[in-house]
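Here are some exercises to work through with the model open beside you. Take each task first, then follow the solution step by step.

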Amino acid sequence: YREMLRGYYEDFTEILDKRFPADGYDEMIVKTGINTIGMCPHHLLPIRYNVSIGYIPSDSGYVVGISKIVRLASHLSARLVLQEQLTIDIADALESGLKPIGVGVVIVGSHGCETYRGVLMPDSLTTTSRMMGAFKKDLNTRSEFLTLIGDIK
């Protein structure tokens with residue numbers, strides 16, 4: 001359990017400290033295929049997540065190495081956390097750490113509490129999203145992001 005719940009005791013704040021000025025790059029950066037595992041806070045069963053993250057740097061903002069995005073998602077999922085809250089936590093961390101024009105996070109989860117108990121539905125998926133800044137206000141930006149992440153199942 002110590003390894004599966006490492007998000008409680010490993011410091012993640014330094015993950016986004018290794019960032020670089022955007023230097024005029026003002027297009028969308030998207031990372032897909034981030035597969036992490038979390039734990040359901042209600043049933044203590046595993047949840048498999050497929051996370052997609054996008055952001056648009058601002059002129060005064062930053063970019064971060066793509067491995068840092070993966071580390072952030074992996075770290076924040078390694079807690080007893082609802083999928084909805086995980087979605088918010090990832091988006092908020094990117095927003096505060098990078099100061100982008102916008103952030104989009106989409107998570108598809110396969111919950112052990114539905115697979116191994118209760119309704120016994122191993123193929124059931126839950127999708128959550130959080131759109132901030134341009135991803136929320138501009139339908140073209142939102143549409144571009146959702147098109148780029150494609151079929152995220």
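**Exercise 1.** Find how many aromatic pairs the whole structure holds, and classify the geometry.

*Solution.* A search of the whole predicted model gives 1 aromatic pair, where rings of Phe, Tyr and Trp (its six-membered ring) pair if their centres lie within 6.5 Å. Next, the centres of the Phe135 and Phe145 rings are 5.2 Å apart and their planes stand at 80 degrees, so the pair is edge-to-face (planes under 30 degrees apart are stacked, over 60 edge-to-face, the rest tilted). Then place them: Phe135 belongs to helix H4 (residues 134-137) and Phe145 to helix H5 (residues 139-149), so the pair ties together parts 10 residues apart in sequence. Helices are DSSP runs (H or I, at least four residues), and strands are E runs of at least two. Finally, Phe135 and Phe145 are buried (under 20% relative accessible area; exposed is over 50%, partly exposed in between; 1.4 Å probe, protein chains only).

**Exercise 2.** Which side chains meet in salt bridges?

*Solution.* The search finds 2 salt bridges (a side-chain nitrogen of Lys or Arg within 4 Å of a carboxyl oxygen of Asp or Glu). Arg79 and Asp89 meet at 2.7 Å, N to O, and both are buried. Arg130 and Asp92 meet at 3.3 Å, N to O; this pair links distant parts of the chain, strand E6 (residues 126-133) and helix H2, 38 residues apart.

**Notes.** Residues are numbered from 1 along each chain as its sequence is written, and side-chain values use heavy atoms, leaving out hydrogens and water. In this predicted model, local features need pLDDT of at least 70 and side-chain atom pairs count only at pLDDT 80 or more, while totals for chains, interfaces and linings use all residues.
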